[in-house]
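This report describes the fold of one protein chain.

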Amino acid sequence: MAALLRRLTLQTVKTENNCVTRLGTYALHRTAPALPSPRASVPTPSCPIHTGALGTVADAQDERKKKKKNDSDFSNIGRKIHERVIHVLDEAGNDLGHMHRADVIRLMNERDLRLVKRDSGAQPPQYQLLTGVQIHEERLRLRESEKAHPKPVPTLTKELTFSSNIGRHDLDTKSKQIQQWLEKKYKVQITIKKGKNEMCHQILQTVPGIATFSTQPQPVRGGRAVMCVLRPLSKKEEHAYREAHGTPNEDTLNKENRNDRESDVVHP
């Protein structure tokens, strides 16, 4: 009987301990604060953002270039006047002062004139009323002016690198390539590994009357190579070279060749 009571007591204590453990775990889960979700930390925009609406720096530069090009063009802008008030000149060059764009459009309709932008940097921008014939003549004048004073074209530079141990045949091939580039008005940068200044002068002697040094031979790469830049001769330098060496120019050679061909013809 005593053993049975002891077993019932132990079982009751064990049951109470299990109940206390379960209640403590449940209370801990209920009272522990919920961890913030990583997704909740990111603020949600109030409106959707489209990536196409965000322009890049390159796009902005392209727009500025296009705008600058359009401003420099001499053309009829039609009736798309973006400014509210503009400074207007008439077809004879008389100053009409500041005018509202509605008045300018009315004047264009009355006189059958076109509107051309003259100075977009002025405040307000300056425009001129012209006829279609005047616009055509002005375009022709600008085109002739551009032909008479062409914009300088930047000179391209070709690069060539080889060793001082190059064979004779390969060196001749390189010299021909250098001559072709110089005849096309390119600069040629030559880098010779383990070379000396004398080798650059030898290469220059293979293109007499065509090129000269734009950059004199100088050591590079810590003295492990030598570099020079050749440039084509200018017209004045070519003429001076021909006079100094007694070399006829191209016009004289062409004339002599034509005379030789005419003398070879057998007349009946």
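The model is a predicted one.

The protein has 268 residues, and 20% of them are buried. Its secondary structure consists of 8 helices and 8 strands. Of the contacts with a separation of 6 or more, 54% are between residues 24 or more positions apart.

**Sheet and helices**

Four strands form an open sheet in the order β5-β6-β8-β7, with mixed pairing. β5 and β7 are the edge strands, each pairing on one side only. From one strand to the next, the twist averages 15°. β5 and β6 run parallel and are joined by 7 bridges; Thr157 has Lys187 in β6 as its bridge partner.

α5 packs on this sheet and touches β5, β6, β7 and β8. α6 lies across β5, β6, β7 and β8. The helix directions are as follows.

| Helix | Reference strand | Angle |
|---|---|---|
| α5 | β5 | about 170° |
| α6 | β7 | about 160° |

**Cores**

The largest nonpolar core contains 20 residues, and Phe162, Ile178, Leu182, Ile190, Ile192 and Leu230 have the most contacts inside it. At least two residues of this core come from each of β5 (157-163), α5 (168-183), β6 (187-193), α6 (197-205), β7 (211-220) and β8 (225-232). Beyond its neighbours within four places in sequence, Ile178 contacts Leu160, Val188, Ile190, Ile203 and Leu230. A second, separate core has 11 residues, among them Val88, Met99, Val104 and Leu107.

Methods. Residues numbered from 1 in each chain as written. Predicted model: local features only at pLDDT ≥ 70, side-chain atom pairs only at ≥ 80, totals over all residues. Heavy atoms only, no water. Buried < 20%, exposed > 50% of the residue type's maximum accessible area, 1.4 Å probe, protein only. Contact = heavy atoms within 4.5 Å. Core = buried A, V, L, I, M, F, W, Y, C linked by side-chain atoms within 4.5 Å. Pairing = 2+ DSSP bridges. Axes fitted to C-alpha atoms, helices over the stretch in contact; angles between N-to-C directions.
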